[in-house]
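Here is a short walk through a structure, written to be read with the model open beside it. Shall we take a look together?

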Amino acid sequence: MTIVDPGAAAAAVSVGDAPSSEELGEARPLRADVWRRFRRNRLAMLGLGFLVLLVLAAVFAPLVTPYGIKERSAEFRAGPSADHWFGTDAVGRDVYSRVVFGARVSLRIGIVATALSVVIGVVVGAAAGFFGGWADTLISRLVDVFLAIPYVVLAVAIATVLGRSENTVILVLGFTGWMAMSRIVRASFLSLRNLEYVEAARALGFSRRRIMFRHILPNAVQPVIVYATIAVGTAILTEAALSYLNVGPQDPTPAWGLMVSQGKGLLSNAPHMLFFPGGAIVLTVLAFVFVGDGLRDALDPKLK
Amino acid sequence: MTEVASEPREAPPGGASHLLQAEGLVKDFPIRGGVLGRTVGRVSAVAGVDLTVDRGETLGLVGESGCGKSTTGRLLLNLIPPTAGSVRFDGHLVSAMRGKELSAMRRRFQIVFQDPYASLNPRMTVGATLSEPLRVHLGLDAAEADARVADLLRTVGLAPEHTNRFPHEFSGGQRQRVGIARALALEPELVVLDEPVSALDVSIQAGIVNLLQRLQDELGLAYVFIAHDLSVVRHISDRVAVMYLGKIVETGDRRAIYGSPGHPYTLALLSAIPLPDPRRERERRRIVLTGDVPSPADPPSGCRFRTRCWRKRQLEADGVDTSACVEQEPALEVRPGSGVDHPVACHFARTAELV
Amino acid sequence: MAHVTAPPPARRTGTDVLLSVRGLRAGFPTDDGVVQAVDGVSFDVARGEVLAIVGESGSGKSVTAMSVLGLQPTLEVTEGEIVWKGEDLLTAGEERRRAVRGKEIAMIFQDPLTALNPVHTVGRQIAEMAHIHEGLGRRPALERAVEMLDLVGIPEPRKRAAMYPHEFSGGMRQRAMIAMAITCRPDLLIADEPTTALDVTVQAQVLEVLVGIKDEIDSAIILITHDLGVVAGLADRVMVMYAGRPVEKGTTAEIFYETRHPYTLGLLASLPRLDDVGDEALVPIVGSPPSLIRKPSGCAFHPRCRFARVPGSCESDDPTLRLVAGDAHLAACHYAEELATVTVESLRSGVDVAGEGELADLQVPATVYRPGAEPEADAVVADVAVTEAVAHPGVVERAEPGAPGRWPVDEPAGEPAADGEVTP
């Protein structure tokens with residue numbers, strides 16, 4: 001009937017028990033499983049590869065660019081050439097160099113703004129989800145109020161007070177992005193709070209702090225990681241939108257959104273001024289979304 | 001809606017005869033609605049339960065889903081606060097304890113859960129899970145805790161080498177063993193077992209049941225064994241309490257409940273369990289209940305079982321006046337002359353031949 | 001009262017075979033290899049009979065049913081025939097299968113809440129069956145739905161037909177599912193754990209309905225379940241599955257009273273029973289079910305078998321399902337004949353009922369000391385097992401002189417031997 005591979009048979013026998021327990025042969029931490037599942041997702045790996053390149057380019061920007069961000073040549077709005085791979089902009093600056101340096105700006109904005117909203121969101125959401133009852137109701141309504149504030153108006157307001165800069169953008173994004181995060185954290189706290197292992201921790205007489213930090217929080221971070229990854233991409237996109245509205249960083253900061261904004265009027269004459277920074281935005285945002293999706297699947301134990 | 005629970009009487013700690021004594025336990029869950037989550041109704045999950053557990057014995061708590069047996073189990077351990085009533089453990093009024101006092105007390109009573117997949121923290125190794133209570137409560141250092149964890153694993157039939165493994169590497173039965181080891185870590189006197197085998201395959205169940213029995217013999221544990229499966233309960237329990245819609249309808253020692261059941265619900269429940277024996281199964285008398293369990297948000301007046309009661313219908317067909325079933329809640333008590341020698345909450349308690 | 005349909009000696013309604021499954025192999029491809037969920041299954045179902053397929057999770061009992069209906073897109077049927085009324089469904093094409101599905105073969109699922117569509121009324125979902133398969137118009141189809149709900153004992157069927165699944169209780173939903181399944185009066189009902197999600201008093205109601213319906217519409221039933229009590233009450237014939245294969249087949253009486261496979265014996269002996277008299281021991285099956293990707297060598301059950309002869313034929317040769325008694329009692333065990341003297345009672349009490357063989361003194365059960373098991377695990381097991389084995393002598397020498405096997409008849413309350421979950 002079944003043809004049994006002799007090697008496998010020997011292995012099974014030496015264990016002396018059902019192969020299901022043979023799987024216990026080697027300790028498998030969760031992390032290894034997550035990586036194994038992540039690796040299977042081609043798009044996510046592609047996205048990860050792109051992001052690694054982008055980070056390297058951002059870190060070593062001066063080494064991989066021929067010009068500085070303010071350096072001007074005599075050629076204005078010139079198309080791509082051997083000298084200027086991505087062409088030059090309206091005042092003769094090298095678009096390639098500015099796009100590469102722009103990665104620093106975009107990544108910084110994306111990552112710092114997201115970190116800010118994660119910190120606020122996790123604290124607020126965890127408080128609501130852990131304490132429940134009145135605290136939850138109060139916090140949740142407060143979050144609803146914040147959700148109702150249009151972030152563009154807030155952005156204009158903050159920019160007016162603090163001036164247009166990268167930091168302004170970071171603050172705006174940080175203070176408008178945490179609500180979604182807090183809702184995610186609250187929801188996962190609420191569901192985890194009723195899980196049996198949390199109940200078991202209570203039955204063992206552990207303190208609320210121990211239960212919160214050791215038993216609930218580590219299990220609530222998975223959706224946070226996934227959401228935060230995608231949120232970095234979204235923040236980069238939002239920076240572009242704010243620049244477009246003239247509340248983003250100011251020239252000569254090589255922000256991608258600002259560069260797109262500067263290129264928009266010259267679309268018919270010099271499409272490269274919009275195409276290259278715009279393409280950088282699209283690829284970067286896509287990469288973050290792909291990685292986020294890959295993480296979501298990899299972290300879901302049900303898909304094991 | 002629910003009977004008023006008797007005021008907990010103060011008894012001097014230590015002087016109790018029962019290990020665990022619950023009186024007039026009531027638990028209402030609010031039904032919330034509206035923007036501000038106002039209470040728009042109440043579900044009475046447990047509606048006045050009295051029970052006792054002695055050292056070293058097993059009390060089986062049986063009933064169908066929604067009867068309040070799991071809620072009762074959690075009330076007994078003060079995992080959720082009762083709406084009314086009291087729980088004493090070894091004379092201490094546990095239901096009034098909070099904070100540090102309660103934490104310290106928790107060492108003495110533990111719980112094992114139904115779902116072996118949800119009851120272990122997926123991010124902690126088995127060793128970490130088992131050593132945590134030892135460090136927190138007993139202040140053991142790493143080496144002492146490790147040695148004790150190895151003992152615990154051996155006690156529940158696992159190898160000490162399993163200590164560095166994560167829960168997802170184990171089968172359901174093995175996880176349930178880890179759950180039992182965790183409950184035993186602090187050497188409790190009482191363990192509430194909430195459907196400990198119902199999520200497991202038949203052939204694995206027997207191993208867990210045997211393990212529980214062996215541990216009870218060796219460690220002198222008292223169990224509250226909560227289950228819907230009357231066969232398992234029969235196997236493991238000394239005494240049994242049958243619950244229906246938040247109340248105990250019949251209680252007694254095992255022989256009494258299985259040998260001469262007096263409540264029409266217990267009779268129906270027993271007769272509904274299929275026997276793995278074709279000849280007997282096809283010859284036996286079966287009482288098939290009609291309808292479903294009423295909502296605990298709106299329980300029937302009088303006897304809670306009356307809407308599905310086959311005996312009430314039989315009696316009515318014989319021209320007997322059954323208005324008491326509607327008007328008066330039957331007390332859980334021995335009824336002289338009924339032929340049933342243990343407490344039954346039925347105005348017309350009497351037994352019938354079943355198996 | 002409920003399902004006292006037939007006396008245990010099964011009635012087989014002539015030779016009117018409806019479904020004939022031959023050498024079915026099916027699996028799910030995964031990264032780690034093919035999960036061979038069904039690995040060589042053959043069985044017949046005749047009109048009017050109830051065939052129970054019994055097994056634990058992962059035994060392949062549900063997948064067998066899914067292959068018949070072709071309901072699982074990721075399931076690959078690699079070999080075999082599924083002959084329905086003389087026609088092989090596997091080669092018949094999707095169009096034909098769809099026509100058979102629902103009309104001639106209907107399925108009742110375990111979880112009615114997920115099997116019913118929440119956005120349509122129950123009546124409409126049942127009416128849809130009549131509409132699709134019989135071309136009934138809107139009004140007559142709805143009439144049929146009401147009629148079906150009435151048939152399965154749902155009170156006020158007209159009112160209920162206009163309600164949504166979430167307004168039904170669990171038992172009511174399962175009845176609605178049955179109503180849907182029988183709308184076209186199918187010749188075969190496949191019920192996959194139809195009462196597992198229900199409370200026991202409701203289970204009794206639903207089983208009663210199921211049996212009543214069967215007689216009413218004269219169909220056959222394949223009952224897939226792990227509950228041997230339900231099998232005992234309903235089935236005419238039983239097929240016990242383990243690791244994707246049938247290990248024992250026979251009439252219900254043969255399976256329960258003349259058990260010839262150690263796994264079936266193990267299942268029966270591990271059950272606590274309501275009709276136990278005293279404190280009979282439960283006899284667990286050691287270990288856990290095997291991985292379906294890499295099954296054990298020889299007999300797939302041998303690592304868990306208390307009768308296995310290791311080393312020996314059990315670990316080297318795969319036993320075929322063969323006739324072991326009567327005219328249709330089959331078992332896949334090299335030593336099936338020798339099991340004739342072992343009964344569930346003798347296993348549980350340690351007393352050799354048949355009187356054959358003599359009680360040997362203080363022998364540690366073979367399952368505890370299995371050659372090849374690693375020392376640490378042994379140590380763990382031995383810790384408790386030996387002392388308990390001593391306390392419960394009960395190993396019977398049954399093998400022929402010179403044969404290596406010893407036949408432990410009693411598994412002492414011996415928890416750790418029960419273990420098997422002790423992984424070396």
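## A covered helix in chain C

In this predicted model, helix α7 of chain C (residues 170-182) is 13 residues long and spans 19 Å from its first C-alpha to its last, close to the 18 Å expected at 1.5 Å a residue. How many of the residues of α7(C) are buried? The count is 12 of 13, and the helix is mostly covered. Among the buried residues are C:Gly171, C:Arg173, C:Gln174 and C:Arg175, along with C:Met177 and C:Ile182.

What do the buried residues of α7(C) pack against? Their partners in chain C are the strands β6 (105-108) and β7 (188-192) and the helices α3 (112-115), α4 (122-134), α5 (138-151) and α8 (200-217).

## The open sheet of chain C

Chain C also holds an open, antiparallel sheet of four strands, in the order β2-β1-β4-β5. Its edges are formed by β2 (33-46) and β5 (87-88) of chain C; each has a single partner strand, so one side of each is left without a neighbour in the sheet. Helix α1 of chain C (residues 61-69) packs on this sheet, where it touches β1 (17-30), β2 and β4 of chain C, and its direction makes about 110 degrees with that of β1(C).

At one end of the strand order, β4 (residues 76-84) of chain C and β5(C) pair in the antiparallel sense over two bridges. Here C:Trp84 stands opposite C:Glu87 in β5(C).

## Chains A and C side by side

Chain A has 13 helices and zero strands, while chain C has 15 helices and 15 strands. Of the 304 residues of chain A, 45% count as buried; for the 424 residues of chain C the figure is 58%.

Contacts between residues at least 6 apart in sequence can be split by how far along the chain they reach. In chain A, 69% of them join residues at least 24 apart, and in chain C, 67% do.

## Where chain B meets chain C

The contact between these two chains involves 49 residues of chain B and 55 residues of chain C. On the chain B side, α5 (172-184), α6 (202-219), α7 (230-236), α9 (264-272) and α10 (278-283) each supply at least two residues. Which of them gives the most? It is α6(B), with 11 residues. By class, this side of chain B has 21 nonpolar, 13 polar and 15 charged residues.

C:Gly229 lies in helix α9 (residues 228-234) of chain C. Is C:Gly229 buried or exposed? It is buried, because 21 other C-beta atoms lie within 10 Å, and the cut-off for burial is 20 or more. Leaving aside neighbours within four places in sequence, C:Gly229 is in contact with B:Ile273, B:Pro274, B:Leu275, B:Pro276 and B:Glu281. C:Gly229 and C:Leu24 are 205 residues apart in sequence and 28 Å apart in space, C-alpha to C-alpha.

## The largest nonpolar core

The largest nonpolar core has 293 residues, and those with the most contacts inside it are B:Val224, B:Val242, C:Ala52, C:Ala176, C:Ile178 and C:Ile222. Helix α6 (residues 95-131) of chain A gives the most to this core, with 16 residues.

Which residues does C:Ile222 touch? Not counting residues up to four places away in sequence, they are C:Val45, C:Leu51, C:Ile53, C:Ala65, C:Leu188 and C:Ile190.

Methods
Residues numbered from 1 in each chain as written. Chains lettered and ligands numbered in written order. Predicted model: local features only at pLDDT ≥ 70, side-chain atom pairs only at ≥ 80, totals over all residues. Pairing = 2+ DSSP bridges. Contact = placed C-beta atoms within 7 Å. Axes fitted to C-alpha atoms, helices over the stretch in contact; angles between N-to-C directions. Expected span 1.5 Å × (residues − 1). Nonpolar A, V, L, I, M, F, W, Y, C, P; charged D, E, K, R; others polar. Core = buried A, V, L, I, M, F, W, Y, C linked by C-beta atoms within 7 Å.
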